[in-house]
Amino acid sequence: MAMQYDVKQGHIDQSGFLIKFPSRVKGVSYVGTATAGYVILFDTLTTPVSSSVTYGRSGTTVTVTKVAHGLNTGDVIGIHFESGTGGAATDGNYTITRTGADTFTLTDINTGTITASPVAIYSTKWLLTYNVSAADTYNNAPIIPGEGVRVLNGVYAYMVNVEATQIFYG
């Protein structure tokens with residue numbers, strides 16, 4: 001394969017969109033703060049749902065609670081899970097089952113019990129999550145193999161205790 005010369009860069013200092021069109025994410029870099037945090041990339045044209053979203057897991061069944069979530073059985077969402085008592089569910093893209101106006105379930109690829117109602121963040125499609133250790137104030141640039149990560153809509157960076165994030169795309 002030939003070298004790609006038309007790679008561009010998007011940079012952001014707070015949660016928000018980096019691009020709003022189809023592309024491939026070729027690279028990511030981020031800088032942490034004195035407090036542990038993370039950056040999540042979603043493939044979406046809308047801001048991820050993060051307000052008052054909680055979950056619990058029993059076995060492989062994850063039950064997510066969000067008042068008036070508006071989702072239907074068969075919808076596919078990308079979701080990030082914070083740690084709760086017992087760990088965290090597995091970030092990824094899942095087909096959901098609506099169990100009520102305020103709840104839906106999904107089947108995690110891993111199993112366990114998670115309690116204490118940790119938070120979750122969801123959107124159209126999850127791309128990747130990078131955790132940042134406390135006091136990791138260096139420029140981190142993990143490798144994305146192959147052709148990069150395909151983006152169908154746009155890239156939204158959801159950042160917690162991250163000073164800046166940038167992507168390289170093309």
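Ser-52 sits in the loop between strand 4 (37-43) and strand 5, where strands are DSSP runs of E with at least two residues, numbered from the N terminus. This is a predicted model, with local features needing pLDDT of at least 70 and side-chain atom pairs counted only at pLDDT 80 or more, while totals for chains, interfaces and linings use all residues. Residues are numbered from 1 along each chain as its sequence is written, and side-chain values use heavy atoms, leaving out hydrogens and water.

Ser-52 counts as exposed at 59% relative accessibility (exposed is over 50%, buried under 20%, partly exposed in between, with a 1.4 Å probe and protein chains only).

| Residue | Phi |
|---|---|
| Ser-52 | near 60° |
| Ser-117 | near 50° |

Three strands make an open sheet in the order 5-9-8, with antiparallel pairing; two strands pair if DSSP finds at least two bridges between them. Strand 5 (54-65) and strand 8 (97-100) are the edges, each with a single partner strand, so one side of each has no neighbour in the sheet. From one strand to the next, the twist averages 60° (axes are lines fitted to C-alpha atoms, with angles from 0 to 180 degrees between N-to-C directions). Strand 8 is joined to strand 9 (residues 103-114) by three bridges, and Gly-100 stands opposite Thr-103 in strand 9.

On to the rings. Phe, Tyr and Trp rings (six-membered ring for Trp) pair if their centres lie within 6.5 Å, with planes under 30 degrees apart called stacked, over 60 edge-to-face and the rest tilted. That rule gives five aromatic pairs. One of them is stacked, because the rings of Tyr-30 and Tyr-130 have centres 5.4 Å apart and planes at 25°. Tyr-30 belongs to strand 3 (residues 23-32) and Tyr-130 to strand 11 (residues 126-132), so the pair ties together parts 100 residues apart in sequence. Both tyrosines are buried.

What about His-80? Its place is in strand 6 (residues 76-81), and His-80 is buried, with a relative accessible area of 4%. The His-80 side chain makes a polar contact with that of Glu-82 at 3.2 Å (N or O atoms within 3.5 Å, one able to donate a hydrogen and the other to accept it, with sequence-adjacent residues counting only if both atoms are side-chain atoms). Leaving out residues up to four places away in sequence, His-80 touches several others, including Tyr-38, Asp-91 and Thr-129 (contact means heavy atoms within 4.5 Å).

How values were computed:
Helices (H or I, at least four residues) and strands (E, at least two) are DSSP runs, numbered from the N terminus.
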